[in-house]
Amino acid sequence: MALGLRGRIVGAVLVTTVATLAVAALALLGPLEQSLRKAALSTLKNDLPKDPAQQFQKLDLLGLTNPDESASAQFSLATTQQQLATRVGGNVYVLGYPAADGQGQLLLPRDLEVGNVQADSFDDVATVFRSGRSLSSFGSIDGKDYVRVAVPFRNAGLQYVLAIRRPIDEIPAAVDAVRTAFITAALAGLALTLILAIPLAMTLVRRLRRLRQAALRVAQEGPVVAVPEDRASDEVGDLTRTFAIMQRRLQHQEEARRAFVATASHELRTPLASLDGMLELMDDELRGGEPDLDDARALLERARAQSRRLGRLAADLLDLSRIDADVQLRSEPVELGELSRAVLAEFELGTSERGIVSGLVDGVGPVWALGDPGSVARILRILLDNAVRMTPTGGEVTVELSGGRMPALSVRDQGPGVRPEERALIFERFQRGRDTGGQAGFGLGLAIGRELAARMGGELVLDEPNGRGAKFTLRLPAARAPDAGAVALV
Ligand SMILES: Nc1ncnc2c1ncn2[C@@H]1O[C@H](COP(=O)(O)OP(=O)(O)O)[C@@H](O)[C@H]1O
Ligand SMILES: [Mg+2]
C-alpha cells in the first residue's frame, strides 16, 4: 500500500535526523582519537627544553672517574632529569655513547625499574643517534600507548640523546566519554523529533481528512452542508477557508437557480392560464348557436398578444440561460451610430402610431466601441422598448452618443422616470417598478442588459435624473476604427 501523508512526513523527518546524526558521528567521532594523539604529541614537543645541551652542559656525564665527583654529578643529573620529568609529565631518560648495536647506553635514571625500560625498545633513540636529528613518534609498552620524543644534544664533545615518554592512556577514555555523550544526545534528539513529528503529521492528516469528508458530503448532499472551520494560519487552514468560500458561492448559485426556476415557472403559468381561459371562452363562443364574430376576433387578438408576450418571455429566458452558461460573446469594433439608426428603424412604426418622436441626436460623428454587435443591439432594444412604453403620447425618445475612452450610448425618454427607491431593484431579474408603462414584460430586460454589458467589459447604468424622464446609459470599451478597406468589405 502506498505510504500515507503521515507515514511520509514521519519517515522523511526520521531519515533526515538519522542521516544528519550519522554524518556528524563520522565527522566527529572518526578522527577524534587520531586528533587527540596528534595534539598530545605536539604538546609534548612544545614542552621540551629549547636546548637540552644547555640544561645538561655543566654535567660531565661520562667523563668522571672520581667516585665522589661522579656521585655528585649523577645527583645533579638526576635532579635536572627529575625537574624535566615533572614539567613534561612523563618519563625522561638521558642516553649516551652509541653502542655497537646502535643502542644507546642508558645514563639515567639509574634506579629505573628495569622491566619498564627494557620493555621500551628505544628504537627511536637508535635512529636519532644515527641521524643526529630529533624524532617524535608514538610507542607502546604492554599495550599502553605513549608519545615519545628523542632529541640529540652534545656535551663535552660527546653525543647524547634525551628521550621523553609521556603516557596517553587517557585518550581512549576521553574518546569513550565523547562517544557516550554523542550517542545519548543523538537518541534524545531522535526521540524529540519523533515526539514532535508524529503529532504534527497526525493533526495534519486529521484536518485534511475532515476537509475531504466535507467535500464528499457537498458532492452527495449539495452545497447546503456545513464546512468545518479551521482557524490555523497555514496552508491547510487556507485550503479549508477557500473551500468554505467555494461552498458559500455554490450555495448562493443554487439558491439563485431555485429562485429563478420557481419565478420563471410562475411567470409562465399566469399567461398560459389566461391564454387557456381565452381559448376556452372562444371555444364556448364558437360552439354556441350564433357565434359573435366580433367577440371572437377580440378574444383572438388578446390571445395572440398573450402568446407574443410568452414568446418574448421565452426569448428572455433563453438569453438569461446563455448568460448563465457563459456563452462567449464576440468582441469587435461596433459603430454605435449606425447600429442605433438600424435599431431605431425597427421601432419607427410603433412610435409613429403613438405620436412619439424618436431619433438619434447627431453631431459626434462615428463612435467606435468594442463589443458584440448582436448584444449591443439587444441592449438598445431593451432600453428603447422601455422608453417608448413609458413615454406618453406626443413625447420624445432620443438616443445620444459620446466618444472618449469609454464610448457611451444613452436612451432618454419623457416618461415618469424611475422612483429613487427602485433604482437598484429594477436591474434584478423578474423585478419591475411600480410604473411599468402598462402592458409590460417580465422584469427581465434590464437584468439581461446589465449582464450583457458587463460581459463585454462595459456597464449599463441609470443616470441621475435631470429633469423629466429617465436616462439609461450603456458604456463600452473604446475600439479603434477599422481602416477604410475593412469597412468597405463589411
Ligand atoms: N425608461 C424607463 N422609465 C421609467 N421606468 C423604467 C424605465 N425603464 C425601466 N423602468 C422600470 O424598470 C422596470 C424593469 O424594466 P425591465 O427590466 O425592462 O422589465 P420590464 O420592461 O419587463 O418591466 C420596469 O418595470 C420599470 O418599472
Ligand atoms: Mg423592459
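## Cavity, ligand shell, pocket and hairpin

The largest cavity has a volume of about 50 Å³. This is a predicted model, in which local features need pLDDT of at least 70, side-chain atom pairs count only at pLDDT 80 or more, and totals for chains, interfaces and linings use all residues. Residues are numbered from 1 along each chain as its sequence is written, chains are lettered from A and ligands numbered from 1 in the order in which they are written, and side-chain values use heavy atoms, with hydrogens and water left out.

A cavity is a set of points, on a 1 Å grid over the protein atoms alone, where a 1.4 Å probe fits but cannot get out; a pocket is an open set with protein on both sides within 12 Å along at least five of seven lines; lining residues have an atom within 4 Å of a point. Points are joined across faces, edges and corners, and a volume is the space filled by probe spheres set on them. The count is one cavity of 30 Å³ or more. Among the residues lining the largest cavity are Arg 412, Asp 463, Glu 464 and Lys 471. Its lining has two nonpolar, three polar and five charged residues (Ala, Val, Leu, Ile, Met, Phe, Trp, Tyr, Cys and Pro count as nonpolar, Asp, Glu, Lys and Arg as charged, the others, Gly among them, as polar).

Ligand 1 is surrounded by 20 residues, each with a heavy atom within 4 Å of it. The closest are Asn 386, Asp 413, Asp 435, Gly 443 and Leu 446. The shell divides into eight nonpolar, eight polar and four charged residues. Helices α11 (373–390) and α12 (445–455) each supply at least two shell residues, and α11 gives the most, with three. Helices (H or I, at least four residues) and strands (E, at least two) are DSSP runs, numbered from the N terminus.

| Residue | Part of residue | Distance |
|---|---|---|
| Arg 389 | side chain | 3.0 Å |
| Asp 435 | backbone | 2.7 Å |
| Phe 442 | backbone | 3.0 Å |

The protein covers 97% of the 530 Å² of accessible area that ligand 1 has on its own (Shrake-Rupley method, 1.4 Å probe).

The second largest pocket holds about 550 Å³ of space. Of its 19 lining residues, Ala 256, Arg 257, Phe 260, Asp 324 and Arg 429 lie nearest its centre. Two or more lining residues come from each of α8 (235–287), α9 (293–324) and α12, and α8 gives the most, with eight. This lining has eight nonpolar, three polar and eight charged residues.

Strands β3 (residues 135–141) and β4 (residues 144–155) run antiparallel and are joined by seven bridges; strands pair if DSSP finds at least two bridges between them. Ser 137 stands opposite Arg 148 in β4. The two strands form a hairpin with two residues between them, and Asp 142 in the turn has a positive phi of about 50°.

Technical notes:
A polar contact is a pair of N or O atoms within 3.5 Å; within protein, one must be able to donate a hydrogen and the other to accept it, and residues adjacent in sequence count only if both atoms are side-chain atoms.
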